[in-house]
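Biologist: Hello! Please take me through this chain step by step, as I am new to reading structures.

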Amino acid sequence: MNELDQLRQKIEAIDSQMVELFEDRMKCSFAIAKYKRERGLPVLDKEREKLLLDKNAKLVKDKVLEAYYREYLQDVMDISKKYQNRLMEGAKVAYSGIEGSFASISVSKIFPQANRIPCHTFQEAYDAVESGDADLCVLPIENSYAGEVGQVTDLMFSGDLYINGVYELRVSQCLLGVMGSDESTIKSVISHPQALEQCSDYISKHNYETVAFENTARAAREVANKGDVTVGAIASKETAGLYGLKVIDHDINESANNTTRFAVFAKSPDVVKQDDEVTTFILMFVVKDGAGTLAKAVSIIGEHGYSMKAIRSRPTKDKDKSWQYYFYTEVEGTIDSSDGQQMLDELKKECEFIKVIGSYKSQVRI
């Protein structure tokens, strides 16, 4: 056997070892995909990829080979993502609305491989996950102009699902109508109450009457079915194409930076570690009766180095207790730490009820 054959034989032996290691790595990718599917986490994690590339590249002794190794490892990770995406296909994601609604658009952007399940209400979408009819649900939790979505906040308080991700979707509301309609023919507009609120100045300027509807896309479909030039819908431009409507006017929402935050709900919580750079957790609590209990609860959160990004109150709707409120807070930092657990222990002394809804690494614009 000459020298070339010997080298080739050595490479074959190395390749055989690499086959086993590749299979082991892909088995781990399978387990990761299962974890992500159960918790509604995206396949791509740019921070994690960069960390691995930088960390492993330092192990290469021959610095001439470092750039080649980075390319090799990136290819391996790309293959792993393709495999995970394949495994993620078929995940059932519920949302409130129909095709063309902003919720449907958000689901298609967050989970492009998923099977979308349209529901009539937020409650129905939430219940679909609790019952196992859906793997995840995506629901709006806040709009930059109209504020919180109270119905969804109440579901967080009363339900058992966790939030593992929050995404921002820029919302551009349009005035839609049937062919032959225009601003002058429209007399009334129908849409979801929040969409009507977001476009209140435009509606007032044109003296349109308003009719509340359960969903923007369903409002558009209703206008298409009516075929009436005096009735318009406020919805997305995507909806116009779906239901054969014309865009009479676009970007009619009062705020140019109109954004809705959508949350991914799942049965299992994600574990956000202390060393993750940008983390937020959502906390709900009901304080005990007594003077200063809310102030004490807020002080406890601050004393442990946490910063509250938001705090809101809503009635508990407890039939036995009138005028009792629960508090919704979004807090920067990780709850999965000794300091976080100590904070929760101290809060329990001031609260009748306390609940961590979930944690997420960062808010992503989609």
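Modeller: Let's begin with some words: helices (H or I, at least four residues) and strands (E, at least two) are DSSP runs, numbered from the N terminus. This is a predicted model, where local features need pLDDT of at least 70 and side-chain atom pairs count only at pLDDT 80 or more, while totals for chains, interfaces and linings use all residues. Residues are numbered from 1 along each chain as its sequence is written, and side-chain values use heavy atoms, leaving out hydrogens and water.

Biologist: Thanks! How many helices and strands does the protein chain have?

Modeller: The C-alpha atoms fill a box of roughly 90 × 60 × 35 Å, taken along the principal axes. Within the chain, the DSSP runs come to twelve helices and 16 strands.

Biologist: What percentage of the 366 residues is buried?

Modeller: Buried means under 20% relative accessible area, exposed over 50%, and partly exposed in between (1.4 Å probe, protein chains only). By that rule, the buried share of the 366 residues is 46%.

Biologist: Where do the buried residues of helix α5 lie around its axis?

Modeller: Helix α5 covers residues 122–131, and its buried residues are F122, A125, Y126, A128 and V129. Looking down the axis, using directions from the axis to the C-beta atoms, these residues fall within an arc of 150 degrees, so they line one face of the helix.

Biologist: Which elements are included in what covers them?

Modeller: Contact here means heavy atoms within 4.5 Å. The cover includes the helix α6 (150–158). It also includes the strands β1 (92–96), β2 (115–119), β3 (136–143) and β11 (259–266).

Biologist: Which residue in β9 is the bridge partner of V189?

Modeller: Strand β7 (residues 188–191) is joined to β8 in parallel by four bridges, and V189 stands opposite T210 in β8. With β9, β7 pairs in the parallel sense over three bridges. There, the partner of V189 is G232.

Biologist: Are the residues S188, V189, I190 and S191 of β7 buried or exposed?

Modeller: S188 and I190 point one way from β7, while V189 and S191 point the other way. Whichever way they point, all are buried.

Biologist: Which residues does R37 touch, not counting residues up to four places away in sequence?

Modeller: R37 is in helix α1 (residues 3–39), and it counts as partly exposed because its relative accessibility is 25%. Its C-alpha atom is separated by 10 Å from that of V93, 56 residues apart along the chain. The residues touched by R37 are L87, M88, E89, G90, A91, D135 and L136.

Definitions and conventions
Two strands pair if DSSP finds at least two bridges between them.
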